Amino acid sequence: MSSWVLFLTVFLACTVEAVEALTVILAAGTARHWGSALQGAGAALVALAATVAVLGPAVSLIPINGLRLVVGALLLVFGLQWLRKAVLRGSGHKALHDETAAFADEVEAARAAAGGGRGAVRDWYAFTLSFKGTFLEGLEVAFIVVTFGNNQKDVPVAVLGALAAVVLVAAVGVAVRAPLAKVPENTMKFVVGTMLTAFGVFWATEGTGAHWPGSDTSLLVLVPVVALVALGCTAVLRRSGPGAKNSGGTPSGAPVEGSLT
Amino acid sequence: MTLLRTFAMFWYDFIVGDDWRVAVGVVLALAATYGLVRGGVDAWWLPPVAVVLLLGLSLRRAVRSARRG
């Protein structure tokens with residue numbers, strides 16, 4: 001895998017999560033206290049950096065075949081979760097993630113909560129809301145950075161991809177001061193789900209001791225095949241989905257609360 | 001105890017997600033591949049086939065469950 005593919009995969013995954021984290025930070029800042037919300041986000045980023053710094057070297061100590069089997073299996077389970085949600089949303093069987101609605105909900109909840117500060121933090125609620133949002137959304141990215149980076153023996157490029165996404169989303173967030181509703185989140189989730197699934201199945205299979213025909217070049221077949229299978233599933237489900245019966249195409253089902261993707 | 005339960009639930013949700021059968025299916029497919037490789041069969045084709053089946057079955061369950069409401 002080239003450094004660019006590694007960079008792009010981590011960049012896209014991190015952008016999706018950063019957009020969701022930004023929604024929470026904006027809600028905490030708008031409804032409560034900007035300083036505390038930014039302190040919370042900063043503290044979460046430090047905690048995430050520490051997680052990567054601790055997990056990175058620890059993961060690299062595992063023998064390569066064991067690492068590929070375990071990490072490949074985990075990426076495969078992760079990737080299938082992302083793909084499953086992207087297909088269900090793309091076919092209208094699950095509501096699209098609406099950052100504007102999520103922002104409104106968070107603002108309402110934040111306004112209703114009690115005030116009060118602790119130490120250097122003036123508004124504890126804004127701090128914890130922002131910290132939790134940033135840390136939880138970032139944990140999945142940290143996992144991807146550590147696993148992809150170690151498997152490709154190029155953690156710095158993976159970290160660069162994550163940093164580029166955070167900086168970009170933060171810059172746009174500061175510029176518009178509104179939830180980034182126009183980001184094609186589901187398409188990005190679809191791409192990341194495809195990459196995680198393809199690389200997961202590639203590494204896990206190698207970890208079992210099996211050998212891919214063509215070695216690394218088999219990835220050039222695996223990635224498009226996974227994408228085509230997922231696109232095919234979306235097309236089939238769309239025909240039988242709520243949109244097929246209802247010309248308005250109103251998606252059924254609510255987004256799953258607490259989901260990390 | 002509640003804290004421990006919350007911690008366990010967080011990791012379960014983080015790793016396993018919405019459909020535990022997918023995680024179990026992945027583990028079984030990889031175990032079968034490992035067994036075949038140990039038995040002298042280069043079963044590289046088994047995990048991709050399992051992925052297609054697991055994704056299809058998981059989507060079917062999700063759609064059926066949504067229809068039941």
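In chain A, 85% of the contacts with a separation of 6 or more are between residues 24 or more positions apart; a contact means two C-beta atoms, placed from the backbone, within 7 Å. This is a predicted model, where local features need pLDDT of at least 70 and side-chain atom pairs count only at pLDDT 80 or more, while totals for chains, interfaces and linings use all residues. Residues are numbered from 1 along each chain as its sequence is written, and chains are lettered from A and ligands numbered from 1 in the order in which they are written.

View 1. Chain A has 9 helices and 0 strands, with helices (H or I, at least four residues) and strands (E, at least two) taken as DSSP runs numbered from the N terminus. Of its 261 residues, 49% are buried. Here buried means 20 or more other C-beta atoms within 10 Å of a residue's own, exposed means 12 or fewer, and partly exposed is in between.

**View 2. The largest nonpolar core.** This core holds 84 residues, and those with the most contacts inside it are A:Val10, A:Cys14, A:Ala28, A:Val145 and B:Val26. Helix α1 (residues 3-31) of chain A gives the most, with 17 residues. For the record, a nonpolar core is a set of buried Ala, Val, Leu, Ile, Met, Phe, Trp, Tyr and Cys residues joined through C-beta atoms within 7 Å. Leaving out residues up to four places away in sequence, A:Cys14 touches A:Val141, A:Gly161, A:Ala162, A:Ala165 and A:Val166.

**View 3. α1 against α5 in chain A.** The two helices pack at about 175°, with axes 8 Å apart; axes are lines fitted to C-alpha atoms over the stretch in contact, and angles run from 0 to 180 degrees between N-to-C directions. That makes α1(A) roughly antiparallel to α5(A), the label for angles over 145 degrees. Among the residues making this contact are A:Val10, A:Cys14 and A:Ala28 of α1(A), and A:Val141 and A:Val145 of α5(A). By class, the contact has 14 nonpolar, 6 polar and 4 charged residues. Ala, Val, Leu, Ile, Met, Phe, Trp, Tyr, Cys and Pro count as nonpolar, Asp, Glu, Lys and Arg as charged, and the others, Gly among them, as polar.

View 4. Helix α2 (residues 34-60) has 27 residues and reaches 39 Å between its end C-alpha atoms, close to the 39 Å expected at 1.5 Å a residue; the expected span is 1.5 Å times one less than the number of residues. Its buried residues include A:Ser36, A:Gly40, A:Ala44 and A:Val52, and what covers the buried residues of α2(A) includes α1 and α5 (124-151) of chain A. Helix α7 (residues 185-207) should span 33 Å, and its end C-alpha atoms are 32 Å apart, which agrees. Since 20 of its 23 residues are buried, α7(A) is largely enclosed by the rest of the structure. Just after α7(A), A:Gly209 takes a positive phi of about 105°.

**View 5. Where chain B meets chain A.** Here 29 residues of chain B are in contact with 29 residues of chain A. On the chain B side, α1 (2-15), α2 (20-38) and α3 (46-68) each supply at least two residues, and α3(B) gives the most, with 12. That side divides into 21 nonpolar, 4 polar and 4 charged residues.

**View 6. B:Trp45 in its loop.** B:Trp45 lies in the loop between α2 and α3 of chain B. With 15 C-beta neighbours inside 10 Å, B:Trp45 counts as partly exposed. The C-alpha atoms of B:Trp45 and B:Thr33, 12 residues apart along the chain, are separated by 8.8 Å.

Technical notes:
Parallel < 35°, antiparallel > 145°, perpendicular 65-115°, else oblique.
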